[in-house]
Amino acid sequence: MTGVVSRWRGSRLLGVVVGAAILALTVVLPYHAATAAPPETSTPSKTAKPTIVLVHGAWADSSSWTPVTLALQTAGYTVLVPPNPLRGLSNDSAYLSAFLQQATNGPVVLVGHSYGGAVISNAALTDPDVAALVYVDAFVPDVGESVGQIVAGSTSALNVPDPTTVFSFVAYPDAPAGDLDAYLKPTAFETLFAADVAKPITRALGASQKPITLSALGEPATSAAWKTLPSWYVVGTADLVLPQAKQLEMATRAKSTVTEVKASHLSMIAKPLAVTGVIVTAANSASPRR
């Protein structure tokens with residue numbers, strides 16, 4: 001019996017490895033074939049390709065951008081995926097600003113997912129090299145507006161009378177009075193946050209999720225870079241965390257170029273090629289402010 005179980009487990013593991021390899025090829029190769037062009041075909045007036053900086057949101061981490069990162073790198077882009085501290089909007093924006101100033105050189109396209117959209121909006125104008133913004137199922141607050149306010153004014157599945165039904169709260173060291181880290185409960189992560197992502201991937205993502213402080217969700221934005229910079233928006237039409245109607249409302253206010261995809265809140269995992277295509281369009285269309 002032990003031998004049978006071992007062989008079964010071995011075959012399952014091999015299947016997972018092969019499946020992952022096929023997924024990587026499916027993501028990267030078709031996009032590369034469709035978008036990559038020989039260097040000599042580039043328009044002479046074009047400068048070097050901008051650096052793409054991908055910013056994750058709450059209950060995710062940098063690995064949530066892996067499929068998009070692979071596709072962009074294959075298309076010849078320099079891609080950076082810094083960690084988002086998720087400690088507070090001003091803190092997170094300052095971190096991103098410092099990162100841009102020290103880790104990038106030349107034009108930059110900032111891409112934000114979910115809460116990361118608020119961070120890129122708040123930080124972008126601190127670096128004149130930022131040429132464009134791309135929002136993916138993202139919050140796009142105006143000055144004085146918080147992520148929490150946007151959720152409260154929507155039909156989000158996280159907008160519930162009893163937050164403990166979807167969140168687990170954990171005290172963290174040196175927290176301001178009343179502040180807590182918020183995690184998504186496993187069921188909420190699987191059914192609301194990543195409803196159309198394969199269950200094994202969803203469980204792994206849920207286990208490694210980064211929490212966000214309650215204070216970060218309630219902190220108002222102090223800058224709205226979308227009023228100055230060109231922007232693109234990927235709307236997940238099956239998003240339960242940030243509903244389609246609210247996404248379209250914010251994208252319209254920002255005068256963003258909109259692309260709709262049939263995806264949950266994790267569009268960059270469920271529809272990586274569509275998201276990558278929007279980022280490339282933004283990179284090709286935008287000019288640095290310098």
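Good morning. I shall begin with T202, a residue of helix α7, which spans residues 199-207. Please bear in mind that the model is predicted.

Is T202 buried or exposed? Its relative accessibility is 0%, and because buried means under 20%, T202 counts as buried. Leaving aside residues up to four places away in sequence, T202 touches F189, E190, A194 and V197.

Let us now consider the helix around this residue. In α7, the buried residues are T202, L205 and G206. Viewed down the axis of α7, the buried residues fall within an arc of 100°, and therefore they line one face of the helix. On the face turned away from that buried side, α7 carries the exposed residues P200 and A207. Against what do the buried residues of α7 pack? Their packing partners are α6, residues 186-193, and α10, residues 267-270.

I turn next to the sheet. Three strands form an open sheet in the order β5-β6-β7, and their pairing is antiparallel. The edge positions are taken by β5, residues 167-170, and β7, residues 212-213; each has a single partner strand, so one side of each is left without a neighbour in the sheet.

How many bridges join β5 to β6? There are four, and the two strands run antiparallel, with β6 covering residues 181-184.

Thank you for your attention.

Notes. Residues are numbered from 1 along each chain as its sequence is written. This is a predicted model: local features need pLDDT of at least 70, side-chain atom pairs count only at pLDDT 80 or more; totals for chains, interfaces and linings use all residues. Side-chain values use heavy atoms; hydrogens and water are left out. Buried means under 20% relative accessible area, exposed over 50%, partly exposed in between (1.4 Å probe, protein chains only). Contact means heavy atoms within 4.5 Å. The arc is that of the directions from the helix axis to the C-beta atoms. Two strands pair if DSSP finds at least two bridges between them.
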